Amino acid sequence: MAGITAVDYIWKNGTLVPWAEATTHVLSHSLHYGSGVFEGIRCYCNQETGESCVFRLRDHMERLHRSCKIAGIELTYSVDELCEATVELIKANKLPACYIRPLVYRGYGVMGVDPTGSDVDVVIACWPWDAYLGPDALENGVAVGVSSWRQRSNNAIPPSMKSTASYMNSILAKMEAKEHGYAEAIMLNEAGLVCEGTGENLFVVREGILSTPPLSDGLLEGITRDTVLNLADDLEIPALEESLTRSDLYIADEVFMTGSAAELTPIGSVDGRVVGKPGPVTRALQERFFDLVQGKIPEYADWLYPVE
């Protein structure tokens with residue numbers, strides 16, 4: 001897993017703070033109880049024009065607001081203010097392309113499960129970050145394994161809330177996968193149906209038909225997932241939202257993961273069952289996705305938030 005490359009500034013509570021000074025108290029509520037919500041976003045640079053744009057920035061900040069509402073966290077910054085702060089931060093750090101991490105968390109002031117009275121801190125960080133699952137992942141795919149750890153249920157920690165607490169079982173699944181020699185894990189839900197990766201949504205292709213689990217099976221409403229479904233429609237690729245079993249992964253013609261960090265990463269094998277090199281559907285969607293984020297598809301211009 002790639003380390004973090006320090007840059008000059010982090011935006012915190014409305015102010016640009018030097019990277020090393022963006023600190024929090026060790027008794028902050030979220031550090032002890034996971035009572036924070038966050039987003040993962042990417043800024044891309046058009047290699048031909050040199051222009052930088054953040055991909056679906058407003059959609060991410062709107063989802064951050066929804067997460068806060070579910071978590072009962074009062075977020076005092078509007079979507080517009082968070083978008084403007086993100087652009088300000090990228091420009092201050094002089095980054096043509098980067099990964100962006102907004103985080104809203106309960107800070108110092110109270111201890112105990114009840115967070116009433118704790119301060120709420122809002123930060124946005126960004127740094128250079130290339131392929132999430134390794135330098136060859138986007139081209140050649142990765143090996144994954146189905147985890148023994150199940151994904152949290154709809155009535156445990158709501159999957160529509162992208163919370164810091166939600167990722168404890170993802171951490172366990174990721175460590176287990178690495179111990180078994182896999183790059184990533186696939187998690188089933190409590191009913192034994194395919195849910196998602198530790199930080200990605202899943203798609204399979206069989207006989208030219210694209211399938212992805214429905215939101216009702218307990219997965220995050222991924223923004224890249226939604227993007228791929230739109231792109232499949234553009235390319236006239238039949239796409240379904242349907243429950244999938246572990247066996248569906250084994251017999252698929254193609255499998256890939258999506259996410260802001262993972263982008264569109266092919267899967268080469270599942271539990272040692274070979275899927276193979278990225279297939280034609282994966283390649284077509286991957287090509288169109290990267291054309292989109294590079295600003296080469298005019299009909300999706302509204303999804304690109306310029307850094308000006």
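Let me begin with one arginine. R288 has a relative accessible area of 19%, so it falls under the 20% cut-off and counts as buried. Keep in mind that this is a predicted model.

What does R288 pair with? Its side chain meets that of D234 in a salt bridge, at 3.3 Å from N to O. This pair links distant parts of the chain. D234 sits in helix α6, residues 223–234, and R288 in helix α8, residues 280–293. They are 54 residues apart. D234 has a relative accessible area of 33%, so D234 is partly exposed.

Now the wider count. A search of the whole structure gives 13 salt bridges. The general idea is simple: side chains of opposite charge can pair when their charged atoms come close.

Next pair: E39 and R63. Their side chains form a salt bridge at 2.7 Å, N to O. E39 lies in the loop between β3 (36–38) and β4 (41–45), and R63 lies in helix α2 (residues 57–71), so the bridge ties together parts that are 24 residues apart in sequence. Buried or exposed, E39 and R63? Both are buried.

The salt bridge here is 3.7 Å, N to O. R42 is in strand β4 and E263 in strand β15 (residues 263–270), so this pair ties together parts 221 residues apart in sequence. R42 is buried, because its relative accessible area is 6%. E263 also counts as buried, because its relative accessibility is 6%.

Salt bridges link R56, D59 and D226.

How many cavities of 30 Å³ or more does a search of the whole structure find? One. R42 comes back here, as one of the lining residues.

Last stop, the surface. Which residues form the nonpolar patch there? They are V26, L27, L31, Y33, Y108, M111 and V113. Together they have about 730 Å² of accessible area. Take V113 from that patch. It is found in the loop between β6 (98–106) and β7 (120–127). V113 has 68% relative accessibility, over the 50% cut-off, so it counts as exposed.

Notes. Residues numbered from 1 in each chain as written. Predicted model: local features only at pLDDT ≥ 70, side-chain atom pairs only at ≥ 80, totals over all residues. Heavy atoms only, no water. 1 Å grid on protein atoms, 1.4 Å probe; cavity = no way out; pocket = protein on both sides within 12 Å on 5 of 7 lines; lining within 4 Å. Points joined across faces, edges and corners; volume = space filled by probe spheres on them. Patch = residues over 30% accessible without salt bridge, like charges linked within 9 Å, V, L, I, M, F, W, Y side chains within 5 Å. Areas by Shrake-Rupley, 256 points an atom, 1.4 Å probe, with all protein chains shown as cover. Salt bridge = Lys/Arg side-chain N within 4 Å of Asp/Glu carboxyl O. Helix = DSSP H or I, 4+ residues; strand = E, 2+ residues; numbered from the N terminus. Buried < 20%, exposed > 50% of the residue type's maximum accessible area, 1.4 Å probe, protein only.
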